[in-house]
Amino acid sequence: MKIQGKMFMWLSVFLLIMAVVYGVWSKEPAGTTALFLAFGLAIMIGFYLGFTARRVDVGAQDNKEADVADDAGELGFFSPHSWQPLFLALGGSFAFLSVAIGWWLMYFAAPLILASIWGWVFEYYRGENRTQ
């Protein structure tokens, strides 16, 4: 995780330089703002990965002598039968579609997004899958 943090930090430095050069050279506000926002996103991800790398065990990607098989193992628990991501994607698509069609569509998208997030978070706290 340490190498990924360094990569994002170097990417953020590159994006900052490019944002300044692009802003001075083109004097176009939309692209300059997008590059500065990309810089902010890259620095947040790089800081998070660097911050987390100090608190977890060294992974195989940080060891130069490691093989591919050294990083094998369980990656986590992924719900095999959840319908919540589908409804969340549907609500997100309605939300993005509201920019093109009209903001009134957001009145339908927001409750769908909130209900699907609620259902996804508390999916294993009730019902038949309560004990997993």
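How many residues does α3 have, and what does α3 reach from its first C-alpha to its last? Keep in mind as you look that this is a predicted model. Helix α3 is built from 18 residues, and the distance from its first C-alpha to its last is 25 Å, close to the 26 Å expected at 1.5 Å a residue.

Now look at which parts of this helix are hidden. Q84, G91, G92, A95 and S98 of α3 are buried. They cover an arc of only 110 degrees around the axis, so they sit on the same side of α3. Turn to the face pointing away from that buried side and you'll find the exposed residues F96, A100 and I101.

So what lies over the buried side? The cover on the buried residues of α3 includes α4. Leaving aside residues up to four places away in sequence, Q84 touches A115, S116, G119, W120 and E123.

That brings us to α4, which runs over residues 106–121. Its 16 residues should span 22 Å at 1.5 Å a residue, and the C-alpha atoms at its ends are 22 Å apart, which agrees. Here the buried residues are A109, S116 and G119. Look down the axis of α4 and these buried residues fall within an arc of 105 degrees, so they line one face of the helix. S116 and G119, both buried in α4, are also among the residues that Q84 touches.

The cover works in the other direction too: what lies over the buried residues of α4 includes α3, residues 84–101. On the face of α4 turned away from its buried side, the exposed residues are Y107, L114, W118 and V121.

W10, L11, V13, F14, I17, M18, V21 and W25 make a nonpolar patch of about 890 Å². Pick out V21, one of the patch residues. V21 is found in helix α1, which covers residues 2–26. Is V21 buried, partly exposed or exposed? With a relative accessible area of 45%, V21 is partly exposed, because that label covers values between the buried limit of 20% and the exposed limit of 50%.

Methods
Residues are numbered from 1 along each chain as its sequence is written. This is a predicted model: local features need pLDDT of at least 70, side-chain atom pairs count only at pLDDT 80 or more; totals for chains, interfaces and linings use all residues. Side-chain values use heavy atoms; hydrogens and water are left out. Helices (H or I, at least four residues) and strands (E, at least two) are DSSP runs, numbered from the N terminus. The expected span of a helix is 1.5 Å times one less than its number of residues. Buried means under 20% relative accessible area, exposed over 50%, partly exposed in between (1.4 Å probe, protein chains only). The arc is that of the directions from the helix axis to the C-beta atoms. Contact means heavy atoms within 4.5 Å. Patches are made of residues with over 30% relative accessible area and no salt bridge: like charges are joined within 9 Å, nonpolar side chains (Val, Leu, Ile, Met, Phe, Trp, Tyr) within 5 Å. Accessible areas come from the Shrake-Rupley method with a 1.4 Å probe; for residues, only the protein chains shown count as cover. A salt bridge is a side-chain nitrogen of Lys or Arg within 4 Å of a carboxyl oxygen of Asp or Glu.
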